[in-house]
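User: I would like to go through this structure and ask what stands behind each term used for it. Please set the values against the cut-offs as we go.

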Amino acid sequence: MSEYVARRTSVRTQARRNRTAPTISVVIPARNEAANLPAVIARLPGDLFEVILVDGNSTDGTVEVVRELIPAVRVCHQEGRRGKGDALAVGFAAARGDIIVMLDADGSADAAEIPRFVAALVAGADFVKGSRFAQGGGSSDITPTRRLGNRVLCSLVNRAYGMSYTDLCYGYNAFWADCLPALRLAWPASPLAASVPAPFGTGFEVETTMNIRAAKAGLTVWEVPSFERPRISGQSNLNAVRDGLRILRTIWQETPGRALRRERAALAGLSPAPDVPALPEPAVPADQLVLQAPVLAAGAFLATVPRHESVNGNGHAPTPSGTRQ
Ligand SMILES: Nc1nc2c(ncn2[C@@H]2O[C@H](COP(=O)(O)OP(=O)(O)OP(=O)(O)O)[C@@H](O)[C@H]2O)c(=O)[nH]1
Ligand SMILES: [Mg+2]
């Protein structure tokens, strides 16, 4: 329970939000999406604060294409790591806007829907999920197997965390940047990243991880309908069985007790107890040691406390009234 309360965005944080003219960062993870980027970028609204593309070691000129399309784009790299979740974490750590929007680079999500997400955040949500299965949403891409898997996993999360999500594994989401500590996804920027490889959340299970953490943190989560199209060209990076199993494992790993134990163990590994040097041999033999003044003073104070005020005659603690018959 404390985990839920402690991480909830405070009323003060919410009051500080710039609801009149929030700055918007769009984070785009991209791995060999050069052919799709022109169509994706063409649909972006004009009033964005920044566009951050996180490149996954692309070999098809993705970075050159995005720089040509948006000269002011900020390009980040995964520094040898891989995975969509890792790419998003890199982008989130770099984002400087009030609101962060996650957008795929393959043309499956329509950037023109961004104002819908922003409107929900301005109206009161902390975290807004796009949903293909909310009324008004849809998909011309999802296969029957993925639809079934998504439904089963979604109802598992709803039962485990008391939510009523209609979609779990969809990559189009937006949130106030001040929710990042609750989502705890900025691994590349966290001190844990250097020594503890993130066990999960770095791949396609990232949306599930975020949705669960939003629920655990007590964030106000709203869904907006969204329509998903098939990727325009190129190969999917997702493998339904492998990534489905990773998502299942994420749901298991995120259960509160398990997540807390894992974090404690990681922190313990990060800062091992310092080596305490052995005490030098005392110069004076123990039987000749003289007590120093503060020790004597404390001893004198304890001696003045009447015995019956701390422990009664039977050696039991006193009753609340201070007397014991
Ligand atoms: N930077 C980076 N981006 C990635 C990586 N893996 C996937 N992406 C991007 O993440 C987005 C979603 O990946 P997709 O391969 O389209 O996966 P998907 O949308 O779940 O699956 P499909 O419906 O089959 O397209 C795309 O923009 C990818 O380019 C990666 O390792 N690094
Ligand atoms: Mg896709």
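**Terms and the values behind them**

Analyst: With 13 C-beta neighbours inside 10 Å, Asn57 counts as partly exposed. The model is a predicted one.

User: Why is Asn57 called partly exposed?

Analyst: A residue is exposed at 12 or fewer neighbours and buried at 20 or more. Asn57 has 13 of them inside 10 Å, so it belongs to the class in between. Asn57 sits in the loop between strand 2 and helix 4 (62-69). Its phi is positive, about 55°, although Asn57 is not a glycine.

User: How do you know which class Asn32 belongs to?

Analyst: The count for Asn32 is 19 C-beta neighbours inside 10 Å. Burial needs 20 or more, so Asn32 counts as partly exposed. Asn32 is placed in the loop between strand 1 and helix 3 (37-42). Its phi is positive as well, near 55°, in a residue other than glycine.

User: What makes Ala105 buried or exposed?

Analyst: Ala105 has 29 C-beta neighbours inside 10 Å. The cut-off for burial is 20 or more, so Ala105 counts as buried. The residue lies in the loop between strand 4 and helix 6 (114-123).

User: What does Ala105 touch, leaving out residues up to four places away in sequence?

Analyst: Ala105 touches Ile28, Pro29, Ala30, Glu33, Asn36, Leu37 and Val40. Pro29 is 76 residues from Ala105 along the chain, and their C-alpha atoms are separated by 6.5 Å.

User: Why is strand 5 described as largely enclosed by the rest of the structure?

Analyst: 5 of the 5 residues of strand 5 are buried, so the strand is largely enclosed. Both of its faces are covered. Phe127, Lys129 and Ser131 lie on one side, Val128 and Gly130 lie on the other, and all are buried. In a regular strand the side chains alternate between the two faces of the sheet.

User: How do you know that strand 5 pairs with strand 7?

Analyst: Pairing takes at least two bridges between the strands. Strand 5 (residues 127-131) and strand 7 (residues 173-176) have 3 bridges, in the antiparallel sense, so they count as paired. Phe127 stands opposite Phe175 in strand 7, and Val128 stands opposite Ala174.

User: What joins strand 5 to strand 8, and in which sense do they run?

Analyst: Strand 5 and strand 8 are joined by 5 bridges and run parallel. Ser131 stands opposite Pro225 in strand 8.

User: What pairs with strand 7 through 4 bridges?

Analyst: Strand 4 does, and the two run antiparallel. Val101 stands opposite Ala174 in strand 7. Within strand 7, Asn173 and Phe175 point one way and Ala174 and Trp176 the other way, and all are buried.

User: Why are strand 3 and strand 8 called edge strands?

Analyst: The sheet is open, with 7 strands in the order 3-2-1-4-7-5-8 and mixed pairing. Strand 3 (74-77) and strand 8 (221-225) are its edge strands, each pairing on one side only. On average, neighbouring strands of this sheet are turned by 20° against each other, direction ignored. Helix 5 packs on the sheet and touches strand 1, strand 2, strand 3 and strand 4 (99-102). The direction of helix 5 makes about 150° with that of strand 1.

User: What makes helix 7 roughly parallel to helix 11?

Analyst: Helix 7 (residues 144-161) and helix 11 (residues 240-253) pack at about 5°, with their axes 11 Å apart. Angles under 35 degrees count as roughly parallel, so helix 7 is roughly parallel to helix 11. The residues of this contact divide into 8 nonpolar, 3 polar and 1 charged. Those from helix 7 include Leu153, Leu156 and Val157, and those from helix 11 include Ile247, Leu248 and Ile251.

User: Which residues are closest to ligand 1, and how many surround it?

Analyst: Ligand 1 is surrounded by 23 residues, the closest being Pro29, Gly56, Ala87, Ser236 and Asn237. By type, the shell divides into 7 nonpolar, 7 polar and 9 charged. Strand 1 (24-30), strand 2 (50-55) and helix 5 (84-94) each supply at least two residues of it.

Definitions and conventions:
Residues numbered from 1 in each chain as written. Chains lettered and ligands numbered in written order. Predicted model: local features only at pLDDT ≥ 70, side-chain atom pairs only at ≥ 80, totals over all residues. Near = placed C-beta within 6 Å. Helix = DSSP H or I, 4+ residues; strand = E, 2+ residues; numbered from the N terminus. Nonpolar A, V, L, I, M, F, W, Y, C, P; charged D, E, K, R; others polar. Axes fitted to C-alpha atoms, helices over the stretch in contact; angles between N-to-C directions. Parallel < 35°, antiparallel > 145°, perpendicular 65-115°, else oblique. Contact = placed C-beta atoms within 7 Å.
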